[in-house]
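Here is a short briefing on one protein chain. Look at the structure first, then work through the points below.

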Amino acid sequence: MSQCAACGRPLTLEIDPEEEDEYDQNATASGTEVPDSVELTQCLLDAYEMIQCPKCAKDVSSHTSSGEEQVLCNLNNEGGLQEGFDILPILKEESYLKAFPEERRCRAFLEFCAEGDVGAILDLVNGEEDEDVSMSSNEAVAAKSIDVLRYQDPMGSLSTGLHVAVSNGREEIVWLLLFLASSLELRYFPPDVLEAARTLGATREEQTGKLDIRVLEDSNHRTAENLAQQIGGMWEPWIQSERLRPVMDGIPRIV
């Protein structure tokens, strides 16, 4: 069995018994073991701490044709073997979360927005997600104080969940975020969207005094509406209806 070059532990990940139907190879009495290894083109890397191998001190980074730094590896996990996978963005995120563990919920929120996972977003917003036992009590308090719905990604051009949903064509997430974090009047929501919100247990808080998510801009000074205008296509009806138009003056839009 392959072992980590830094700590000597087996390069496997145990899957919970409830998930064994998806990963039924190598089943054990306590669960399923699947590969969980990263093979670099040169050697193993604890790269969220440094870009040198902790065993041989070689630099394992390289550069793209445009000059961007990358760390290519062969990633072998439950999803299969991926050769030439650039793992550097993941390692940078892990490094950031080591410094700011209270933002892990926010990072998960953005991923759910990109994936279109309505249920996971509601669980997170309602505080029903699993507790992160790795955080201290102070970090846990700090995490709860962050307005996840209006979080802006410092590693992703200050994008909000609304920006992410628009970028990934997640119309259902856009509706959800407008329901949860905007002042768009309920009469402008389609009946099936409101019914889905009711069925899923989504609760709309009073928005008075809260920042409308549509006002927030990324580092390129784009609101989610600006981004939708750049993308076009499926967002054309949204642009025409002005549902994504930032409301800063209290004047209702015609949608």
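Leu177 has a relative accessibility of 0%, so this residue counts as buried. It belongs to helix 6. The model is predicted, and the chain averages a pLDDT of 79.

- Leu177 and Arg214 are 37 residues apart along the chain, and their C-alpha atoms are separated by 9.5 Å.
- Leu176 also has its place in helix 6.
- Leu176 has a relative accessible area of 8%, under the 20% cut-off, so Leu176 is buried.
- Not counting residues up to four places away in sequence, Leu176 touches Val118, Ile121, Leu122 and Ala202.
- The C-alpha atoms of Leu176 and Ala202 are separated by 8.5 Å, with the two residues 26 apart along the chain.

**The nonpolar cores**

- In soluble globular proteins, nonpolar side chains tend to be buried together.
- The largest nonpolar core here has 43 residues. Phe109, Leu162, Val174, Leu177 and Leu178 touch the most other members.
- At least two residues of this core come from each of helix 1 (88–99), helix 2 (104–115), helix 3 (118–125), helix 5 (161–167), helix 6 (171–181), helix 7 (191–200), helix 8 (224–231) and helix 9 (236–241).
- Which helix gives the most to this core? Helix 6 does, with nine residues.
- Phe109 is in contact with Ile121, Leu124, Val148, Leu149, Gly161 and Leu177, leaving aside its neighbours within four places in sequence.
- Another core, of seven residues, lies apart from the largest one. Val60, Val71, Cys73 and Leu88 are among its members.

**Helix 3**

- Which residues of helix 3 are buried? Val118, Ala120, Ile121, Leu122 and Leu124 are.
- Helix 2, helix 6 and helix 7 are among the elements that cover these buried residues.
- Gly127 follows helix 3, and its phi is positive, near 75°.

**Salt bridges**

- How many salt bridges does a search of the whole structure find? There are 11.
- One of them joins the side chains of Asp153 and Arg107, at 2.2 Å from N to O.
- This pair links distant parts of the chain, 46 residues apart. Asp153 is in the loop between helix 4 (137–145) and helix 5, while Arg107 is in helix 2.
- Both Asp153 and Arg107 are buried.
- Glu93, Arg107 and Asp153 are linked in a network of salt bridges.
- Arg150 forms a salt bridge with Asp147, and their closest N and O atoms are 3.0 Å apart.
- Arg150 is buried, at 13% relative accessible area. Asp147 is partly exposed, at 39%.
- Arg245 forms a salt bridge with Glu225, with the closest N and O atoms 2.7 Å apart.
- Arg245 lies in the segment after helix 9 and Glu225 lies in helix 8, so the pair ties together parts that are 20 residues apart in sequence.
- Glu225, at 5%, counts as buried.

- Strand 6 pairs with strand 7 (residues 80–86) in the antiparallel sense, over five bridges.
- Asn77 stands opposite Gly80 in strand 7.

**Confidence**

- In this chain, 67% of the residues score a pLDDT of at least 70.
- Where is confidence highest, and where is it lowest? Confidence is highest in helix 5, at a mean of 98, and lowest in strand 3 (residues 37–40), at 58.
- Over residues 25–30 the pLDDT stays under 50, and the model has 10 contacts for them beyond four places in sequence.
- Residues 248–255 also have a pLDDT below 50. This stretch has 13 contacts in the model beyond near neighbours in sequence.
- Where pLDDT is low, the predicted coordinates should not be read in detail.

Methods. Residues numbered from 1 in each chain as written. Predicted model: local features only at pLDDT ≥ 70, side-chain atom pairs only at ≥ 80, totals over all residues. Heavy atoms only, no water. Core = buried A, V, L, I, M, F, W, Y, C linked by side-chain atoms within 4.5 Å. Buried < 20%, exposed > 50% of the residue type's maximum accessible area, 1.4 Å probe, protein only. Helix = DSSP H or I, 4+ residues; strand = E, 2+ residues; numbered from the N terminus. Contact = heavy atoms within 4.5 Å. Salt bridge = Lys/Arg side-chain N within 4 Å of Asp/Glu carboxyl O. Pairing = 2+ DSSP bridges. pLDDT = per-residue confidence, 0-100.
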